[in-house]
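Here are some worked exercises on charged pairs and sulfur links. Try each task before you read its solution.

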Amino acid sequence: MHASFDRPMNPQLQSGQVLLIVILVMVVALTVGLSVAARSITNVRIANEEESSERAFAAAEAGLERALVSNAATTGSLSNSALFETTLSTLSGQEFLLQGGTPIPQDDGVDLWLSTYPSYSNPWSGNITIYWGVSGDVCNASATTNTMPALMVSLITGTSAFPRITYYAFEPCNARAGNNFEVIPTNGGTITGKTFLYRRTIAVSSGIVARIVPLYAPAVIGVRGCDGANNNCNALPTQGTLIQSVGTSDTTKRKIVSFRGYPKVPSELFPYNLFSPK
C-alpha cells in the first residue's frame, strides 16, 4: 500500500495570491470610483455652464431692454454679477440684410425705405438688387412642403403728394410657373457674408418706399444699391436701428440681436387684392 499525504501550501505563495486578489479588488474599486468621480465632475461642469449661460442670456435681455428704452448704448451688471454691453448701429449703406437678417414671414411684408423717414423727403434713385433664397430650399407646387419663396415687390415712387405704385413678382420655382410671375434663374450672390441663390435688379427713379413680401415660404432678404453687375452703386437710406446686446457670466457669453425699424407704411397703400404683375 502506498500512503498519500496533502502537501501543505507554501505560506509565501498563499500570501502572494491574497495580495494579487487585494490588488485586483483595489484596481476595480479605483476604476469604478474614478468613473463615478469623472461623471460627477462632468455633471457639475455642465450644470455650472448651463447656469452661466442662463445668467448671461438674462443679462443680454436686460441690456437689450435698457437700450430699447434709452435708445443708447449701455453697459451694466445684474445682481448675479452677470454683465451686459449693448451697441447700436444704423442699418444703411450700399448693402444690408432687411430686418437685420431675421426671416420675413410668409405673406408678411418688410418695407425698404428709399426716402427719409418720416418726411418721405430725399427720394432715392438708382438700381436696387434684391437677393433671396438659400441652398436646400424645396421647390414644388405643394404649399405644405415647398420652402422656396417667391417675392412680390410693391414700389412707390414720385412724391408723397403724387405717388405712383409699380408691382413686380419674381418666381424662382419652375413648378409654380402657372402663376405668371417673372421666372428668376439661379444667379444670386452674397450680402454681408450670407449667400443667396436668386437676385433681381429693379431700376428706381425718385423712390419713396418698397414693400417686399415673401410668398409660399418665409425668406431672409438682402438688398444692394447697385445693378446686377455691382456697378453704379449708391448708399441706401437708413432703415432703422440694429441693437446688439452681449451678456457675460464667468467665461460664457450670449448675444441677442434686435432690429428696430420704422413703422410700416399702412397696408391700404398696397392693394394686394388688385395685384397684377408687371
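**Exercise 1. How many salt bridges does the count come to?**

Before starting, note that this is a predicted model, in which local features need pLDDT of at least 70 and side-chain atom pairs count only at pLDDT 80 or more, while totals for chains, interfaces and linings use all residues. Residues are numbered from 1 along each chain as its sequence is written, and side-chain values use heavy atoms, with hydrogens and water left out.

Step 1. Start with the idea: side chains of opposite charge can pair when their charged atoms come close.

Step 2. Set the rule: a salt bridge is a side-chain nitrogen of Lys or Arg within 4 Å of a carboxyl oxygen of Asp or Glu.

Step 3. Apply the rule, and the count comes to 7 salt bridges.

**Exercise 2. Describe the salt bridge of Arg-55 and Glu-51, and the surroundings of Arg-55.**

Step 1. Check the distance: the closest N and O atoms of Arg-55 and Glu-51 are 2.9 Å apart. The two side chains also make a polar contact at 2.9 Å (a pair of N or O atoms within 3.5 Å; within protein, one must be able to donate a hydrogen and the other to accept it, and residues adjacent in sequence count only if both atoms are side-chain atoms).

Step 2. Helices (H or I, at least four residues) and strands (E, at least two) are DSSP runs, numbered from the N terminus.

Step 3. Judge the accessibility. Buried means under 20% relative accessible area, exposed over 50%, and partly exposed in between (1.4 Å probe, protein chains only). Arg-55 has 18% and counts as buried, whereas Glu-51 has 42% and counts as partly exposed.

Step 4. Look around Arg-55. Leaving out residues up to four places away in sequence, Arg-55 touches Asn-80, Ala-82, Ser-249 and Asp-250, where contact means heavy atoms within 4.5 Å. Asp-250 also joins Glu-51 and Arg-55 in a network of salt bridges. The C-alpha atoms of Arg-55 and Thr-248 are separated by 7.7 Å, although these residues are 193 residues apart along the chain.

**Exercise 3. Which parts of the chain does the salt bridge of Glu-182 and Arg-200 link?**

Step 1. Confirm the bridge: the side chains of Glu-182 and Arg-200 meet at 2.8 Å, N to O.

Step 2. Locate the ends: Glu-182 is in strand β8 (residues 182–183) and Arg-200 in strand β11 (residues 198–215), so the pair, 18 residues apart, links distant parts of the chain.

**Exercise 4. How many disulfides does a search of the whole structure find, and what pattern do they follow?**

Step 1. Use the cut-off: a disulfide is a pair of cysteine sulfur atoms within 2.5 Å. The search finds 2 disulfides.

Step 2. Take Cys-139 and Cys-173, whose sulfur atoms are 2.1 Å apart. This link is right-handed, with 95° about the S-S bond. Cys-139 is partly exposed at 32%, while Cys-173 is buried at 1%.

Step 3. Take Cys-226 and Cys-233, with sulfur atoms 2.0 Å apart. The torsion about their S-S bond is about 120°, so this disulfide is right-handed. Cys-226 is buried at 2%, and Cys-233 is partly exposed at 27%.

Step 4. Count the bonded cysteines along the chain: the pattern is 1-2, 3-4.
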